[in-house]
Amino acid sequence: MKRARAGWNGAVLVCGKCSRKLDGGFGAKGRSRLAKALRQCAGLGKGRKASVGVIETKCLGLCPKHAVTVVDKRRPGEWLVVEPGEDVAALAARFASPVR
């Protein structure tokens with residue numbers, strides 16, 4: 001078995017089914033999906049060199065109405081329900097900060 005190194009200090013799981021249902025609602029113009037908007041913030045990304053990886057998954061099972069479910073891998077007992085129009089930069093800062 002081979003191993004590949006990644007610079008991730010954590011990972012953020014974004015429900016793809018919730019994102020698809022909303023059809024955007026995040027970003028500067030309100031047209032981007034949450035995962036894409038988070039990846040564009042400093043420190044978060046998709047590649048191995050990002051400090052925190054953002055992964056869009058299949059359905060996480062919570063299924064809130066008019067919102068997206070997000071799980072921070074460093075805090076698995078605390079799931080977030082993010083509504084369209086919320087401040088993506090503040091959310092990204094929460095994920096990029098060290099766990100207390």
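Biologist: Which residues of helix α3 (residues 88-96) are called buried?

Modeller: In helix α3, the buried residues are Val 88, Leu 91, Ala 92 and Phe 95. Buried means under 20% relative accessible area, exposed means over 50%, and partly exposed lies in between (1.4 Å probe, protein chains only). This is a predicted model: local features need pLDDT of at least 70, side-chain atom pairs count only at pLDDT 80 or more, and totals for chains, interfaces and linings use all residues. Residues are numbered from 1 along each chain as its sequence is written, and side-chain values use heavy atoms, with hydrogens and water left out.

Biologist: Why are the buried residues of α3 said to line one face of the helix?

Modeller: Seen down the axis of α3, they fall within an arc of 100°, so they line one face. The arc is that of the directions from the helix axis to the C-beta atoms. An α-helix has 3.6 residues a turn, so residues three or four places apart point the same way.

Biologist: What do the buried residues of α3 pack against?

Modeller: Their partners are β1 (10-15), α2 (34-39), β2 (44-45), β3 (52-57), β4 (68-72) and β5 (79-82). Contact means heavy atoms within 4.5 Å.

Biologist: How many helices and strands does the protein chain have?

Modeller: Three helices and five strands, in the order β-α-α-β-β-β-β-α from the N terminus. Helices (H or I, at least four residues) and strands (E, at least two) are DSSP runs, numbered from the N terminus.

Biologist: Why is Thr 69 called buried?

Modeller: Thr 69, in strand β4, has a relative accessible area of 0%, so the label buried applies.

Biologist: What makes Asp 72 count as buried?

Modeller: Asp 72 also lies in strand β4, and its relative accessibility is 4%, so Asp 72 counts as buried. Leaving aside neighbours within four places in sequence, Asp 72 is in contact with Ala 11 and Phe 95. Phe 95 is one of the buried residues of α3.

Biologist: How do you know that the radius of gyration of the protein chain agrees with a compact globule?

Modeller: With 100 residues, a compact globule would have a radius near 13 Å, and the protein chain has 13 Å, so the two agree. The radius is taken over C-alpha atoms, and the globule rule is 2.2 Å times the number of residues to the power 0.38.
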